[in-house]
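Hi everyone, thanks for coming.

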Amino acid sequence: FLATTAWLSAIVCTVTASPKATKPFGVVSEAHPSVAIEIDAGGALAAEGSVPLSQATTIDSTLDAPLLRDIQMLNDILEDIVKKENPKVHKLYHELRQHGLDRAANTSNNVPLDKMIKLSSKLSADEALGIMRTFTLALNLINAAETHHRLRSMKSNELSLMSGNVDVGPLPCTDDSMRGTIDEVLDKGLATKEEIYDQLLKQNVEIVLTAHPTEVNRKTLLRKFRKITETLADLERPDLHPYEKSEAMSRLKRIIASIWGSDEIRRQKPTPQKEASGGNAVIETILWDAVPAYLRKLDAQCEISLGRRLPVETVPIRFASWIGGDRDGNPNVTPEVTREVVTHQRLRAARLFLADMNTLYNEIAISNTFSEEMNALADTIPNSFDKLEKYRRVIGHLQKRLIKTVKVCEVELAEITQNENLPFALTAGADHLDEIEPILYKADLMEPLKVMYDSLVQTGYEGVADGLLIDIIRRLAAFGTTLVRLDIREESTAHKEAVDAITQFLGIGSYKLWDEEAKISFLQAELAGKRPLFRTRDMEKMGLDAGVLKTLRVFEMAATLNPEALGAYVISQAQTASDVLAVMLLQKQFGMTPDNKNMMRVVPLFETLNDLTNAPEVLDTLFKVSVYTGAVKGKQEVMVGYSDSAKDAGRLAACWAQYNSQEKMVKVAATHNIELTFFHGKGGTVGRGGNPALYRAIMSHPPNTINGRFRVTEQGEMITQNFGAPLIAERSLDIYTAAVLGEAFTKHVEPTEKWRKQMERVSVDSCADYRFLVREEPRFVPYFRQATPELELGTLNIGSRPAKRNPKGGIESLRAIPWTFAWTQTRTHLSAWLGVAAGLNSENPSDIEDLKEMYDQWPWFRETIDLIAMILSKTDFSVAKNYDTQLVHGKDEKTLGEEVREKLVHTRQTILGITQQESLADGPHAALLRASTTIRHPYVDPINVMQAELLKRFRELEKKDEPSDELDKVRDALIVSISGIAQGMRNSG
């Protein structure tokens with residue numbers, strides 16, 4: 001560690017000599033292009049302050065020393081394990097790692113990369129697998145250490161303020177925190193305290209957890225890495241006894257040894273039920289505590305900054321899920337699966353609330369004074385052992401109701417899964433609860449909890465009321481009795497097919513052949529009528545095909561579920577108003593209507609360039625259907641697809657289409673007096689709409705499109721990164737809440753007519769360039785499949801959903817996630833920048849001057865360009881070229897690879913011309929990631945080199961079509977390499 005620190009201290013600006021440190025986790029400049037990394041050798045506080053490494057622009061030899069020490073310690077443990085098991089693998093790992101360090105120290109020197117390529121070609125399958133496992137585990141250990149460092153830095157920041165003149169509040173004193181946002185809004189005179197308070201009360205942020213397959217780590221390994229992070233925190237306790245320190249070190253060694261000894265490869269695809277279990281685990285183990293903990297801090301901050309506390313039920317941020325309800329292209333999500341997932345969620349929620357009630361029962365033993373409402377409530381519960389302790393009498397009754405709820409759910413699960421051997425330990429012997437009613441709705445639990453809370457406050461026990469009881473109330477407000485609301489998603493074609501089958505059965509023609517006007521006329525008439533389309537009990541006798549029956553059974557199933565368990569019905573590839581009305585009619589067929597209070601809100605998803613362009617007109621047509629607007633009661637949600645639109649048209653054209661479409665849809669909604677909420681379907685990567693700077697991303701949305709209402713997807717590795725530890729989850733909740741609040745009072749820069757014309761030109765030119773290469777260039781598909789691991793990604797088994805909507809289709813049918821994932825693996829990142837140079841370049845000098853002006857004065861455009869600059873800074877020309885050298889065979893395809901890399905260089909130059917910066921790393925987003933990638937790149941580079949070699953071998957062995965031990969080991973090594981690169985790049989799809 002001392003050697004590494006000394007080496008770090010010697011680095012200023014550009015390193016020209018190879019580092020002499022022999023320790024494995026040296027810190028170096030980024031890979032291609034050469035990036036200046038400045039180290040504060042004197043240990044003075046850097047300009048950023050004590051920020052976590054993942055958010056730092058430089059590595060501070062004092063502030064980041066604890067992180068480097070943790071990384072070194074974890075690596076030493078790993079090395080001891082590897083060396084003991086296989087000295088040869090240990091030696092080769094050291095050799096490759098040193099080449100990675102040498103390359104990163106001097107990126108203009110190709111010798112280290114050549115040495116890595118040569119060494120990789122000589123490795124046996126066994127050696128390759130061992131080395132890949134070592135590098136990948138090392139990167140996961142770096143991630144675990146950095147998670148702890150983020151937490152440590154957050155605390156350090158606040159503690160350092162205490163020694164100064166800054167008042168320390170419940171929430172961080174940063175611009176992207178609620179504290180900083182409230183202070184800024186007040187200081188700038190943008191709103192009064194009352195206006196801020198009122199806006200916060202009506203604010204509604206919902207984070208939707210999805211099963212999109214971008215988390216490459218198995219759930220069991222995620223738990224172990226989280227345990228490592230927790231143990232690192234234990235080791236820093238100031239009161240730690242030497243024996244406790246020894247035990248903590250032993251625990252670290254055991255965990256790392258168990259990870260090394262485990263199989264990190266998923267041998268089977270997860271079922272949707274398993275995926276749902278993984279999503280629920282984040283809620284149960286992290287968010288169940290993090291949400292009330294954050295709300296407690298937010299409440300205290302409001303009292304300090306606004307002079308008023310929040311109402312006990314106010315929860316400005318909630319969670320929903322797609323996991324188990326997303327049927328689009330996933331035949332594994334059947335109606336039975338959705339019912340099972342919902343029932344499991346009810347079961348988990350009941351068990352969590354029961355555990356809370358058990359603790360609350362022991363906490364509240366007051367027996368002397370109660371409110372009138374509390375006395376009346378207690379009197380409704382006879383035959384209780386708690387005669388005088390009326391709070392306990394009510395809590396005891398709620399315990400029984402929750403136990404009954406658990407029993408009901410367990411019985412339902414046994415029926416759904418046809419498994420009578422499910423573990424019913426909790427409700428064994430619960431037959432005496434036959435007269436007890438289960439908890440079905442949120443109000444069943446909320447009403448008695450609020451009576452108890454109010455009674456405690458009224459009788460002088462505010463402190464008791466503000467303990468566990470208020471946390472339970474807030475949990476209930478956030479999660480309900482169903483843990484999360486489940487969205488259902490299905491492609492519009494499935495609904496067309498179902499309605500068409502019904503109209504043909506009724507003898508009135510083929511719905512699919514009707515024009516849009518005829519479809520709307522039919523749907524409107526049926527929605528206004530009272531009779532169903534057919535007798536539901538006759539559904540099996542109507543001669544419908546299996547696909548149609550499956551679609552109808554989804555609605556049949558949904559109609560039987562608790563309405564509080566369901567959220568939105570999302571229509572993917574929605575293109576017309578009839579797509580929305582058809583879903584509403586199918587709901588009505590099974591009794592899901594506004595009058596029955598169980599109709600799911602219908603949300604069209606516009607996800608291609610054409611669909612986004614046509615969306616305002618579609619909404620205008622939809623809002624003219626009175627039977628529809630009457631049913632939705634003046635509210636409409638629309639989902640904007642970021643990843644598919646980018647895959648369809650390229651990054652710049654998609655961004656402008658999203659901006660334009662949202663802007664116009666808001667105006668259409670206002671014309672019809674409809675309150676519009678946008679649901680943003682974003683991925684973790686820039687190519688799929690992601691943004692590592694969450695606060696800035698929300699603030700840069702088009703004007704008047706959020707208005708305190710914000711719905712967004714979180715998926716895969718982003719769930720782990722943003723909500724993987726309690727304090728990090730609290731920080732993420734704070735950023736979401738602050739950004740949406742701050743946006744409501746921000747005066748946005750409206751694009752001028754000149755800027756709009758420029759964006760139209762940029763969009764057309766960039767889209768044409770993107771589509772020509774991806775759709776029309778005959779060499780592209782063969783090149784893509786040879787130069788990337790796209791065909792091999794299916795072996796990862798990271799999701800239950802097929803990689804393609806149409807297994808026989810080409811690039812157009814490939815999902816946006818594997819499309820982006822494949823380019824990320826090779827460090828080309830093509831999906832995020834292709835078409836950008838063509839759009840931004842112009843032979844007219846005035847166009848370039850306009851773009852520079854837009855970058856300087858228009859935050860939305862600047863954010864778009866900075867994100868592209870960031871992803872370009874993560875590309876690696878030489879690594880990408882090596883994939884072509886190893887894997888691309890045809891002369892035409894090799895030539896195309898050279899052309900792609902020329903486009904990459906041209907795009908870099910174009911972006912720098914617009915931003916007027918000397919390096920891509922000077923951009924805010926690239927700088928944000930610079931220090932983090934500095935540590936990782938020396939480990940990712942060898943993995944990339946070995947992955948290219950492994951792909952070559954794997955494809956050669958597969959051609960033989962003969963099972964072999966070598967093929968199995970090469971496949972495993974390849975899978976581990978894919979995981980390792982994803983961990984090193986900190987994103988996948």
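Let's start with a definition: buried means under 20% relative accessible area, exposed means over 50%, and partly exposed is in between, using a 1.4 Å probe and protein chains only. Keep in mind that this is a predicted model, where local features need pLDDT of at least 70, side-chain atom pairs count only at pLDDT 80 or more, and totals for chains, interfaces and linings use all residues. Residues are numbered from 1 along each chain as its sequence is written, and side-chain values use heavy atoms, with hydrogens and water left out.

Okay, the overall picture. Of the 989 residues in the chain, 61% are buried. The chain has 37 helices and 10 strands; these are DSSP runs numbered from the N terminus, with at least four residues of H or I for a helix and at least two of E for a strand.

Now find the barrel. Eight strands close up in the order β3-β4-β5-β6-β7-β8-β9-β10, with parallel pairing. On average, neighbouring strands in this sheet are turned by 25 degrees against each other, direction ignored. Strands of a sheet pair through backbone hydrogen bonds, either parallel or antiparallel. Here, two strands pair if DSSP finds at least two bridges between them. Zoom in on β9, residues 675-681, and β10, residues 709-715: two bridges join these parallel strands. Who stands opposite Arg711 in β10? That's Phe679.

What packs on the sheet, touching β7, β8 and β9? Helix α23, residues 651-671, and its direction makes about 160 degrees with that of β9. Helix α19, residues 577-589, lies across β6 and β7, running at about 150 degrees to β7. Those angles run from 0 to 180 degrees between N-to-C directions, with axes fitted to C-alpha atoms, for helices over the stretch in contact.

Is Ser645 buried or exposed? It counts as buried because its relative accessibility is 1%. Leaving out residues up to four places away in sequence, Ser645 touches Glu607, Thr608, Leu612, Gly650, Ala654 and Gln658, where a contact means heavy atoms within 4.5 Å.

On to the greasy bits. A nonpolar core is a set of buried Ala, Val, Leu, Ile, Met, Phe, Trp, Tyr and Cys residues joined through side-chain atoms within 4.5 Å. The largest one has 89 residues, and Phe319 and Leu449 have the most contacts inside it. Helix α10, residues 272-305, gives the most to this core, with 12 residues. Another core, of 67 residues, lies apart from it and includes Leu523 and Met542.

Next, rings. Rings of Phe, Tyr and Trp (its six-membered ring) pair if their centres lie within 6.5 Å; planes under 30 degrees apart are stacked, over 60 edge-to-face, and the rest tilted. That rule gives 26 aromatic pairs. One of them, Tyr511 with Trp514, is edge-to-face, at 5.7 Å centre to centre and 65 degrees between the planes. Tyr511 counts as buried because its relative accessibility is 1%, whereas Trp514, at 22%, counts as partly exposed.

Last stop: two loop residues. Asn704, in the loop between α24 and β10, has a phi near 65 degrees, a positive value in a residue other than glycine. Arg827, in the loop between α29 and α30, also has a positive phi, near 65 degrees. Asn704 is partly exposed at 46% relative accessibility, while Arg827 is buried at 0%.
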